[in-house]
Amino acid sequence: MCELVKALIKEDADLSVEDRNLVSVAYKNVVGSRRASWRTINSESIPDNEEKELMNVYKSEIEKELEKICNEILDVLKNHLIPKVKGKKDESEVFYLKMAGDYYRYLAEFKSDKGTDAANFYDLALEIAKENLHETHPTRLGLALNYSVCHYEILKSPDKACALAKEAFDDAIQKLDSLDDASYKDSTLIMQLLRDNLTLWTAENNNEGDGDGDDAGDNDS
């Protein structure tokens with residue numbers, strides 16, 4: 001599936017919304033299962049024995065696969081998709097910049113030096129989104145959600161995470177009446193995730209970091 005998507009993009013990087021969603025779903029599916037496996041292994045408490053050695057080997061293999069897939073889509077984004085929409089200041093530019101931030105965030109889960117790259121792309125996307133997309137736009141809300149998760153889980157900046165999530169939620173709630181039927185479901189779902197994360201993170205901060213934020217919701221569309 002991903003090979004077909006890559007071929008499609010290299011032939012014509014000016015994608016329709018349907019083709020763009022195909023790209024997103026194709027890579028989301030192959031990365032999602034591996035991230036889930038990596039998180040499961042990483043959270044397991046295994047004594048120092050032969051089983052732990054095998055688990056470490058398996059974890060290393062997953063990380064290699066994740067790195068390969070993430071670098072593959074990042075290459076497509078940086079060399080084909082983002083240049084094609086650069087300067088448009090519209091939803092498509094925000095979408096691709098957010099997507100680059102997302103895949104750098106996935107890399108940063110096991111390669112901490114990639115956190116800065118994720119933040120750089122998220123920052124670029126957020127600047128354009130705030131100037132050009134409505135407060136209730138699903139792409140703008142999804143960006144705020146994922147960037148706030150990046151602040152909390154990757155950059156270890158809980159105050160920034162909470163501030164970003166709260167700002168996005170408060171701005172959207174004030175404009176809720178302007179939501180059209182087409183985006184109502186997507187927007188309200190992301191707003192719920194923003195609120196759930198705020199509740200989780202506030203509780204964890206009040207407990208002086210007893211939790212690690214791994215249950216935070218994000219939006220990978």
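This note concerns the salt bridges of a predicted model.

1. The predicted structure contains 12 salt bridges.

2. Arg 20 and Glu 91 are joined through their side chains in a salt bridge, with an N to O distance of 2.7 Å. Arg 20 belongs to helix 2 (residues 17-43) and Glu 91 to helix 4 (residues 91-108), so this pair ties together parts that are 71 residues apart in sequence. Arg 20 and Glu 91 are both buried.

3. A salt bridge also links Glu 153 with Arg 39, and their closest N and O atoms are 2.9 Å apart. Since Glu 153 is located in helix 6 (residues 138-154) and Arg 39 in helix 2, the contact ties together parts that are 114 residues apart in sequence.

4. Lys 166 and Asp 170 form a salt bridge through their side chains (2.7 Å, N to O). Both residues lie in helix 7 (residues 158-174), and because they are four residues apart there, about one helical turn separates them. Lys 166 is partly exposed, with a relative accessibility of 46%; Asp 170 is likewise partly exposed, at 26%.

5. A network of salt bridges links Arg 35, Arg 39, Glu 109 and Glu 153.

Notes. Residues are numbered from 1 along each chain as its sequence is written. This is a predicted model: local features need pLDDT of at least 70, side-chain atom pairs count only at pLDDT 80 or more; totals for chains, interfaces and linings use all residues. Side-chain values use heavy atoms; hydrogens and water are left out. A salt bridge is a side-chain nitrogen of Lys or Arg within 4 Å of a carboxyl oxygen of Asp or Glu. Helices (H or I, at least four residues) and strands (E, at least two) are DSSP runs, numbered from the N terminus. Buried means under 20% relative accessible area, exposed over 50%, partly exposed in between (1.4 Å probe, protein chains only).
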